[in-house]
Amino acid sequence: MSPTKTTQITLPNGEVVPVVSAEFAKETAETVRLRTSAAKAGANAVANALAKGIPVTVMRDGGLIQINPDRTETIVEALS
């Protein structure tokens, strides 16, 4: 079994962004709450940055992608 799994979160603006998180055999309720809070905080940070005209760089499809405020995307680096 892989130690990581890929999930997706939906930003407040409706954009879906992949998130890679560690998968543990046993998670406490506190860990689940912390992961959920961190995902929401990250989604809000991305949405706020784009709303303020600040580009955001994310990892997607094996590469680094810059999402510009006008929602155009630029491949920053292809990762192998």
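Strand β3 and strand β4 (residues 63–67) of this predicted model pair in the antiparallel sense over 5 bridges, where two strands are taken to pair if DSSP finds at least two bridges between them, and where helices (H or I, at least four residues) and strands (E, at least two) are DSSP runs numbered from the N terminus. Within this pairing, Val58 stands opposite Ile65 in β4. Residues are numbered from 1 along each chain as its sequence is written, and side-chain values use heavy atoms, with hydrogens and water left out. Because the model is predicted, local features need pLDDT of at least 70 and side-chain atom pairs count only at pLDDT 80 or more, whereas totals for chains, interfaces and linings use all residues.Together, 3 strands form an open sheet in the order β3-β4-β5, with antiparallel pairing. The edges are held by β3 (56–60) and β5 (73–78), each of which has a single partner strand, so one side of each is left without a neighbour in the sheet. Neighbouring strands of this sheet are turned by 30° against each other on average, direction ignored, the axes being lines fitted to C-alpha atoms (for helices over the stretch in contact) and angles running from 0 to 180 degrees between N-to-C directions. Strands of a sheet pair through backbone hydrogen bonds, either parallel or antiparallel.

The protein chain as a whole has 1 helix and 5 strands, which follow the pattern β-β-α-β-β-β when read along the sequence. Of its 80 residues, 21% count as buried, a class defined by under 20% relative accessible area, with exposed set at over 50% and partly exposed in between (1.4 Å probe, protein chains only). The chain exposes about 5800 Å², of which carbon and sulfur atoms supply 57%; the areas come from the Shrake-Rupley method with a 1.4 Å probe, and for residues only the protein chains shown count as cover. Among the contacts (heavy atoms within 4.5 Å) with a separation of 6 or more, residues 24 or more positions apart account for 15%.

The largest nonpolar core comprises 11 residues, namely Ile9, Leu11, Val17, Ala43, Val46, Ala49, Leu50, Val56, Val58, Ile65 and Ile67; such a core is a set of buried Ala, Val, Leu, Ile, Met, Phe, Trp, Tyr and Cys residues joined through side-chain atoms within 4.5 Å. Two or more residues of this core are given by each of α1 (29–51), β3 and β4, and the largest share, 4 residues, comes from α1. Ile9, a member of the core, touches Glu15, Val16, Val17, Val19, Ala39 and Ala43 when residues up to four places away in sequence are not counted.

Polar side chains also occur among the buried positions. Arg60, placed in strand β3, counts as buried because its relative accessibility is 19%. The side chains of Arg60 and Glu73 are joined by a polar contact of 2.5 Å, a term that denotes a pair of N or O atoms within 3.5 Å, of which, within protein, one must be able to donate a hydrogen and the other to accept it, and for which residues adjacent in sequence count only if both atoms are side-chain atoms. Leaving aside neighbours within four places in sequence, Arg60 is in contact with Pro18, Ile65, Ile67 and Glu73. Asn68, in the loop between β4 and β5, is likewise buried, with a relative accessible area of 15%, and a polar contact of 2.8 Å joins its side chain to that of Gln66. Beyond four places in sequence, Asn68 is in contact with Leu50, Pro55, Glu73 and Thr74.

In the segment after β5 lies Leu79, which is partly exposed, with a relative accessible area of 33%. Leu79 and Arg60 are 19 residues apart in sequence and 9.6 Å apart in space, C-alpha to C-alpha. With residues up to four places away in sequence not counted, Leu79 touches Met59, Gly62, Gly63 and Leu64.

Most residues other than glycine have a negative phi, and most peptide bonds are trans.
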